[in-house]
Amino acid sequence: MPWTFDGHGPSSRWNVRHTRPVVSARATPEKLPETLQRYLANAHASLAEPFKGISADGRPVRGLFPIAPTGVSTQPITDAAAAFLASLGGEQKGRASFALDDDSWRRWSNIHPHLMRHGVPLDQLTPAQRERGLALLSACLSERGFATVRDVMKLNHFIGEVTGRWEEYGEWLYWLSVMGTPSGSDPWGWQIDGHHLIINCLVLGDQLVMTPMFLGSEPVTADSGVHAGIRVFGAEEGRGLALMHALSADQRAKATLGHELPIELFTAAFRDNFEMTYEGIRYDELSRAQQDGLLDLIDVYVGRIRPGHAAIRMDEVRRHLRDTWFAWMGGADATSVFYYRIHSPIILVEFDHQRGIALDNDQPSRDHIHTVVRTPNGNDYGKDLLRQHHERFDHSRGAHDAP
């Protein structure tokens, strides 16, 4: 029997949703609740569609992501991946290893139930093996980005403390996969997949693509337990609200798309081909100070990447600022819940306050946050780079066959 919240657990602040059935995060149940059956059916329908990428009108723009040297070495990433694979036993290595063009790239899911999980689970590794896996993440992320990732994992432990549902939650219930063979010249990549934490990373020479990147948490702070004091997404929330406050009344009206928040991010799992028009207020309609605020907000997300490649990514962002839009839903008071997005031809950021899943609130709250970063126009998972690579170096395959 799962432990039930009675006001004497880790914190009496949290109200647990008792009516939700326990659905394992460790193994796929034989019979899923009807809602998850529909979720899985929709997922398979989406995966059956050939990848195009997020676009404004269903026709991704080409020529935005050239194969070009960056001058920033990816050797530490390659070395970390090789060390992680070398630490695994034969069966573990088999579970962790996938072909570069395997569709497991697209089989990620933010929700906690074990539906499409793949790769080697961190909770079944030794501490030494787990550290090798974390070292791979650390090699690709900034110090702040890695700290956020680890805090998300620790908060997945905290919600286990709050609910007592250890079949559903835990710090190490995440799956790590390596696609292709780590190389300094040929393309390869890795993915971590689990509740509120998905990162896809494609490495091609010294180029790096780290989207889709989905980070979230319920709750966003631990006020007790072994990880007391952790808080995530303060900058994402605070700088977004600060930018909205910096707008004039007319600018706010233009940026605001509605007052009701979406149930989920528009480009969450299984939305690889989503069509999203540019809406809200455009960069060149902002004052210089407001433009700086928008860049500071984008940097919160791009700054999760290792410093050298983050700078390259911000240079890409700056080249498309005239076509960058900021949009808002919800309120803008000090305690309001809200959604915002930043959208340009080469980056899409979404932030949303969510309704409760583990916690018993049917309206969005600041205790549950989802964020996602995407690369529109066909380069999520680095797929546009892969397309170009195959056209250059693998003439046995047509462009339509590129993964």
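In helix 10 of this predicted model, which spans residues 383–393, the residues K383, D384, L385, L386, R387, Q388, H389 and H390 are buried. Because 8 of the 11 residues of helix 10 are buried, this helix is largely enclosed by the rest of the structure. The packing partners of the buried residues of helix 10 are strand 5, formed by residues 197–204, and strand 6, formed by residues 207–209.

Although Y381 is not a glycine, its phi is positive, at about 60°. Most residues other than glycine have a negative phi. With a relative accessibility of 1%, Y381 counts as buried, since the cut-off for a buried residue is a relative accessible area under 20%.

A search of the whole structure for aromatic pairs finds 14 of them, and Y381 takes part in one, with F51 as its partner. The arrangement of F51 and Y381 is edge-to-face, with 5.9 Å from centre to centre and an angle of 75° between the planes.

Another aromatic pair, formed by W328 and F338, is stacked, with 4.5 Å from centre to centre and 20° between the planes.

Turning to the packing of helices, the axes of helix 2 and helix 4 (residues 127–140) come within 8 Å and cross at roughly 165°. Because an angle over 145 degrees counts as roughly antiparallel, helix 2 and helix 4 are therefore roughly antiparallel to each other. The crossing in which helix 2 passes helix 4 is left-handed. On the side of helix 2, the contact is made by P76, I77, A80, A81, A83, F84 and S87, and on the side of helix 4 by Q129, R132, G133, A135, L136, A139 and C140. When the residues of this contact of helix 2 with helix 4 are divided by class, 10 are nonpolar, 3 are polar and 1 is charged.

A further helix pair consists of helix 6 (residues 234–246) and helix 8 (residues 288–302), which pack at an angle of about 165° with their axes 10 Å apart. That angle makes helix 6 roughly antiparallel to helix 8, and the crossing of helix 6 with helix 8 is left-handed. Helix 6 contributes A235, E236, R239, G240, L243 and A246 to the contact, while helix 8 contributes Q290, G293, L294, D296, L297, V300 and Y301. By class, the contact of helix 6 with helix 8 comprises 7 nonpolar, 3 polar and 3 charged residues.

Some backbone features of the loops remain to be described. The peptide bond that leads from T211 to P212 is cis, with omega near -5°, and P212 is found in the loop between strand 6 and strand 7 (213–217). The peptide bond from E218 to P219 is likewise cis, with omega near -5°, and P219 has its place in the loop between strand 7 and helix 6. Most peptide bonds are trans. In the loop between strand 4 (188–194) and strand 5, H196 has a positive phi near 65°, although this residue is not a glycine. H196 counts as buried because its relative accessibility is 4%.

Methods
Residues numbered from 1 in each chain as written. Predicted model: local features only at pLDDT ≥ 70, side-chain atom pairs only at ≥ 80, totals over all residues. Heavy atoms only, no water. Axes fitted to C-alpha atoms, helices over the stretch in contact; angles between N-to-C directions. Helix = DSSP H or I, 4+ residues; strand = E, 2+ residues; numbered from the N terminus. Parallel < 35°, antiparallel > 145°, perpendicular 65-115°, else oblique. Left-handed = near helix turned anticlockwise from the far one by under 90°. Contact = heavy atoms within 4.5 Å. Nonpolar A, V, L, I, M, F, W, Y, C, P; charged D, E, K, R; others polar. Phe/Tyr/Trp six-rings, centres within 6.5 Å; stacked < 30°, edge-to-face > 60°. Buried < 20%, exposed > 50% of the residue type's maximum accessible area, 1.4 Å probe, protein only.
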